[in-house]
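Please look over the sequence and the structure shown here before reading on.

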Amino acid sequence: MLAARPAAAVLAALRRYGGRWGLIVALAALPVYYGVTDLVNGYQAAVVAGHPVIHHDLSRLGFNFAEGLSDGAIWALIAIGYTLVYGIIELINFAHGDVFMIGSFTAVGIWSVLGLSLTTSALGVIGGLAVSLVIAMLTTGSLNVLIERVAYKPLRNAPKLAPLITAIGFSFILQNVGLLWRGGSQQSVTDLIGAQKVVFTIGGVPILRGYIVAWAVMVPLVLALSWFISRTRPGRAMRATAQDPEAARLMGINVNNTVSLTFLIGGALAGAAGLIYAVYETQVWYFQGFQAGLFAFTAAVMGGIGNVRGAVLGGLIIGVIQSLSDERIGPQWTEAIVFAYLIAIMVLRPTGLLGEETREAG
Amino acid sequence: MSELQAQLREWRDAAERLVPPWWGKALAGLLVAVGVILPFLTGSSSGFLNGTIVAVAYAVMALGLNVVVGMAGLLDLGYVAFYAFGAYCVGWFGSGFFFGVRVHVGVSPLTSTLAGIHLNFVLILLAAVVVCAVAGMIIGLPTLRLRGDYIAIVTLAFGEIIGVLAVNGQSIGVGGGMTLTAGNLGISAVDSPWFPGSGSFGLLDLRPWYWLVFGILLIVLFVNLRVRDSRLGRAWIALREDEVAAVSMGIPLVKTKLMAYAIGAAFGGMAGAFFGAYFTEVNAGQFAFGFSIFIVAMVVVGGIGSIWGALAGGLLLGYINNYLIPDVLNNLPSAFGLSFQLSSVSFGIFGFLLVLVMTVRPQGLFPERRRSLELTGEIAAQDGELGSEPVGPA
């Protein structure tokens, strides 16, 4: 046990002096390292007539960023759900990732109901996607509210671990629903929009259709959400409840309805993310929610849990880390790298990039 | 309702007065005796005996996790890491996996001729205890300042990282053409436990395996009970109930929490080593997140913090998972015209059990007294009474 005391002292020192800048340096390390190696050593851009073509520029890094920011749009939408729920009832909604998975499955199901296929006209595809987006969001939103009513609300005053355990339970239940729904293996879905087609190129970086769809769904939703939270009465009720549920109740806010509203919004955003995922990755899997949920949770913590802007920022950062790691280190290591970042954040700065001090993390 | 409870409590107290003081010890002795002779009541390689062996090993895991989750109140969602470390101790120190070296300590004459590291199973168990205790402390270190669900996430992240390392370990060289793990190919042909006089354990006669794991269970149970009543055990409960108050009363936070992680991990490592030897293979695919949740479910169903609860929960879910679902009820859905097998949704069933237990009976099947009072709100009610009018005989 001799080692324990110095270890704690080192930890405290790391936190005091590391803090936000330490986290920023840790986050910048990967892109800066790969940018410098690309410029100095070059990279193999293509093989022409058996000879490798070596480039010395930043367009490979740019490609990583473009892909990462679009992946990140998905994580950002899921992360908002984590951060809203955590902000309001201090619960890690473990089932959230699987709600996202159900969103993907619902969207894909709606496509086949509508009869969308590769031969559908462009207008038909856009209309069909809009319809499936709305239905997926409604489904996952109501599912999330239902989970809250069944599994979390009865435990509002129980010890904190109790709702976390029911959340894990629901996560497994939803996974098995997905398993029975679409089987146990990765399933390809129709590539409705031609997600890999290049729309235009900026500085040697191809921008694909999938990226544009991801951003076209994510940006308006995030803007609408921040307007809702900051400008409307229910949004103000949400903020008040997050700050102090007891005082909010005394001020005449219906706390139960506000919590349900939060779950509705979080679930709906996860449904939107599920649609993007299906369009963009062109495959769905009953287990996709597990990794997505953990990545999005990492994003929420990285941005500062309870903070919507932080969740979006964290989601985009996680996306970039993921795409850098996928393309340069190997996809089999990505999970470990993202989780290593999660642990580093917890040690260095549990309040995240933009977060306030919270009781749990402080 | 409360009248009924009072009546039940009265009957229980009356029953407690009736039994003689040596009753507890007699019951324990009886249970141990039943445990020892149990394999003679069934075939030496029956499915029931196999289910029992696995269930007992799960109970060992549940007892270990109960130290961390139940007694110290640190929700560990990465417990599978210690299963992995324990199992890899068997793979590393009890097989021909490290073919470049030849080390033999206390193994059968046949095994002594093979390449690789071959230690006696008892030594492997000790190695697993040491490795897991150290790993448990390392994993616990970043969580020391965190509380509640943040601990859950950090331990989960560690568990997943260990899982990824286990899968990708086949591309990590350790010199001499040898790798760290065999990934999803698995380290196969691990040594069966061998003791002088018993010969190597075979897979046709499962009884020696049963007695081995039963012995491990008794050791773990004994240590658990002694630690619970020790200074350390009381310190865990104090930290769990109120960290600030406990620390200001002089309980060393770092040492106490790390001891919980180390002891819990060591038990998990023992069970992991047993599983490694019993399944005769150490495969990275075994170390999935679901396993951690499975063990958490055992602790929760049995009653968080209760040793007898963890034992019962481990045995119960172990039997359900390894005997009832695959052997007995597997074709139940097809009887209702549904085209799936029950074993494919076993984790959904455990998820449902978790939700059910937490919402209906949060204190579990065999609750620890203190925890059950807390969860059923009786303590809060008493506190409320203290605050209002003095309660007394009118």
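What follows goes from the core to the chain contact, then to helices, strands and loops.

This is a predicted model, in which local features need pLDDT of at least 70 and side-chain atom pairs count only at pLDDT 80 or more, while totals for chains, interfaces and linings use all residues. Residues are numbered from 1 along each chain as its sequence is written, and chains are lettered from A and ligands numbered from 1 in the order in which they are written.

The largest nonpolar core contains 242 residues. A nonpolar core is a set of buried Ala, Val, Leu, Ile, Met, Phe, Trp, Tyr and Cys residues joined through C-beta atoms within 7 Å. A residue is buried if 20 or more other C-beta atoms lie within 10 Å of its own, exposed if 12 or fewer, and partly exposed in between, with C-beta atoms placed from the backbone. Leu77(A), Ile276(A), Val60(B) and Met270(B) have the most contacts inside this core. Leaving aside residues up to four places away in sequence, Ile276(A) touches Ala73(A), Ile74(A), Val213(A), Ala214(A) and Val217(A). Contact here means that the C-beta atoms of two residues, placed from the backbone, lie within 7 Å.

Between the chains, 41 residues of chain B are in contact with 42 residues of chain A. On the chain B side, helix 6 (148-168), helix 10 (253-278), helix 11 (289-302) and helix 14 (346-360) each supply at least two residues. Helices (H or I, at least four residues) and strands (E, at least two) are DSSP runs, numbered from the N terminus. Helix 6 of chain B gives the largest share of that side, 14 residues. By type, the side of chain B that touches chain A has 30 nonpolar, six polar and five charged residues. Ala, Val, Leu, Ile, Met, Phe, Trp, Tyr, Cys and Pro count as nonpolar, Asp, Glu, Lys and Arg as charged, and the others, Gly among them, as polar.

Within chain A, helix 11 (residues 308-329) packs against helix 12 (residues 331-348) at an angle of about 145°, with the axes 8 Å apart. Axes are lines fitted to C-alpha atoms, for helices over the stretch in contact, and angles run from 0 to 180 degrees between N-to-C directions. Residues making this contact include Ile318(A) and Ile321(A) of helix 11 of chain A, and Trp333(A) and Tyr341(A) of helix 12 of chain A. The contact divides into eight nonpolar, three polar and one charged.

Turning to strands, strand 4 (residues 198-202) and strand 5 (residues 205-208) of chain A run antiparallel and are joined by four bridges. Two strands pair if DSSP finds at least two bridges between them. Val198(A) stands opposite Leu208(A), and Ile202(A) stands opposite Val205(A). The hairpin has two residues between the strands, and Gly203(A) takes a positive phi near 55°.

Chain B has an open sheet of three strands in the order 1-3-2, with mixed pairing. Its edge strands are strand 1 (94-95) and strand 2 (102-105), each pairing on one side only. Strand 2 of chain B pairs with strand 3 (residues 116-119) of chain B in the parallel sense over four bridges.

Two loop residues of chain A remain. Most residues other than glycine have a negative phi. Glu90(A), though not a glycine, has a positive phi of about 50°, and lies in the loop between helix 2 (59-89) and helix 3 (96-114) of chain A. Because Glu90(A) has 18 C-beta neighbours inside 10 Å, Glu90(A) counts as partly exposed. Thr282(A) also is not a glycine and has a positive phi of about 50°.
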